[in-house]
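Student: Please take a close look at the aromatic rings in this structure. I would like one connected account of how they pair.

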Amino acid sequence: MQPLVEVRDLRFQYDDGTVALDGVDFQLFAGETVAVLGANGSGKTTFVLHLNGLLMGQGSVRVCGVPVRPNTLAQVRQKVGLVFQDSDNQLFMPTVLEDVAFGPLNLGLEREQARTRALDALAAVGMAHASGKAPYHLSAGEKKRVAIAGILAMNPEILVLDEPTTFLDPPGQNALVELLDELPQAKILVTHDVDCARALASRAVFFERGKIAGEGTVPEVVARFNWDRISLHRQAGSRL
Amino acid sequence: MHHVVLDRWSHGESALHRRDARAKTIAVLIFLVALATAQRAFLPLSVCDLGILAATIIAAGLPLGAALKRAAVVLPFTAVFAAISLAAGEPMRAATLVGKSYLSALAVLVLVSTTPLPELLGGLERTGVPRYLLMVAQFLYRYLFVISEEAQHMRAALQAKSGTLRRAVWDRGKFAAAGGALGVLFARSYAHADDIHQAMLARGFQGHFLTLSGRSFRRADVFFVAGALVIVAGTRAAVEAWI
């Protein structure tokens, strides 16, 4: 079975000399949800920005068999939908409907088709009622839903979500997990929220200093790297 | 926030809101040319022009008082030049300067309050205004939100640390710190703006803002422009003939 995403020996260094990725190998298969765990600054977000061609390092990244290169970006960005951590960054058009239609219009769809796609996507995330509102009038949870709708409207095969539960209250987090669970796309979740990862992901990878230090099921990875709050509290307690 | 209010106003449902952006732009240009070239009988003409704009604002369903107040934002700038004219013993020139700048600002305010910015820029693009210039305008508008949000966050943080903006600016010892805060504001805004740009690229942005609105220049728009021409030019001709 051909992977939807195939990354080989990916390396990336920022202009200030920081080595963010140091030889990452990764695969994502259809129907899978993979949680990307790891400390702040371990390279998680840098890694997923490569999947959409927003960053380009050394090594090979292929999305649905298409190599990520400057001349394939339009194709790649249609296949990989990236939902950013801060929804405010993702909502830049004057109305919710215009914002969700932004992607389909850029794909070359006619206005009516783009409008239909946008309305369908808004309905899918339960935000059809807000189509005429200005994005800055929405709550954090609503903004996140609209941001996801903006990506779904592009019909991607892969959803990449960077810290999807950040800024959401517990009911908002639960609602988001339920929504994501129903979406058929393969997903990559970059998250510190182990509960969210447990609920959604069939597999997890753990980033450490720009490399994947381990992978397995979410409970395995969490246990191996002591990566949930309880074990971290226990560690802290034992040090005191 | 000033631009948020205008953005909200621009999504109205009046007949003026429904006109093509190009028609409204042409009408405003007609008004501005007629205003800028008026020499004789400026005071009665300015009263009539103010009446035309006030009627337009009411017809568009916009709050008249708030619109008149917002257009006054240009007055501090022109007041300087008006004061120079007054000092030079030319009170009429000073009054003309203030009147023309205020009416021009009000006319432009009516345009942007009845036309969502993406539509306005799309209309300008279709009339041949360089795309690069329009893109700069669009980004500038979007990033106004970014800078004001960042400024609000920083102001809240400053107040939480028992400081006040006024003290930071007026206390000489803290002036340098306020300058530093301004630098931080721009650095944060830059980073935020970069994130927005990345989000746009991730959704296929290729340097061209596309919108759902597909308004075309219809017969009603032709009548609208013709009507604007008749009213503006007719008013000026009538006032000048009367005086």
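Tutor: A:Phe206 and A:Trp227 are both buried in this predicted model. The two residues form an aromatic pair, with 5.0 Å from centre to centre and 85° between the planes. Ring planes over 60 degrees apart count as edge-to-face, and the pair of A:Phe206 and A:Trp227 is of that kind. The pair links distant parts of the chain, since its members are 21 residues apart. A:Phe206 belongs to strand β9 (residues 203-208) of chain A, while A:Trp227 sits in the loop between α9 (218-224) and α10 (229-239) of chain A.

A further pair is made by A:Phe26 and A:Phe47. Their ring centres lie 5.2 Å apart and their planes stand at 75°, so this pair is edge-to-face.

Buried means under 20% relative accessible area. A:Phe26 has 4% relative accessibility, so A:Phe26 counts as buried. A:Phe47 has 0%, so A:Phe47 counts as buried as well.

A:Phe26 and A:Phe47 also belong to one aromatic cluster, together with A:Phe207. As for the total, rings pair if their centres lie within 6.5 Å, and by this rule the count is seven aromatic pairs over all chains.

Notes
Residues are numbered from 1 along each chain as its sequence is written. Chains are lettered from A and ligands numbered from 1 in the order in which they are written. This is a predicted model: local features need pLDDT of at least 70, side-chain atom pairs count only at pLDDT 80 or more; totals for chains, interfaces and linings use all residues. Side-chain values use heavy atoms; hydrogens and water are left out. Rings of Phe, Tyr and Trp (its six-membered ring) pair if their centres lie within 6.5 Å; planes under 30 degrees apart count as stacked, over 60 as edge-to-face and the rest as tilted. Buried means under 20% relative accessible area, exposed over 50%, partly exposed in between (1.4 Å probe, protein chains only). Helices (H or I, at least four residues) and strands (E, at least two) are DSSP runs, numbered from the N terminus.
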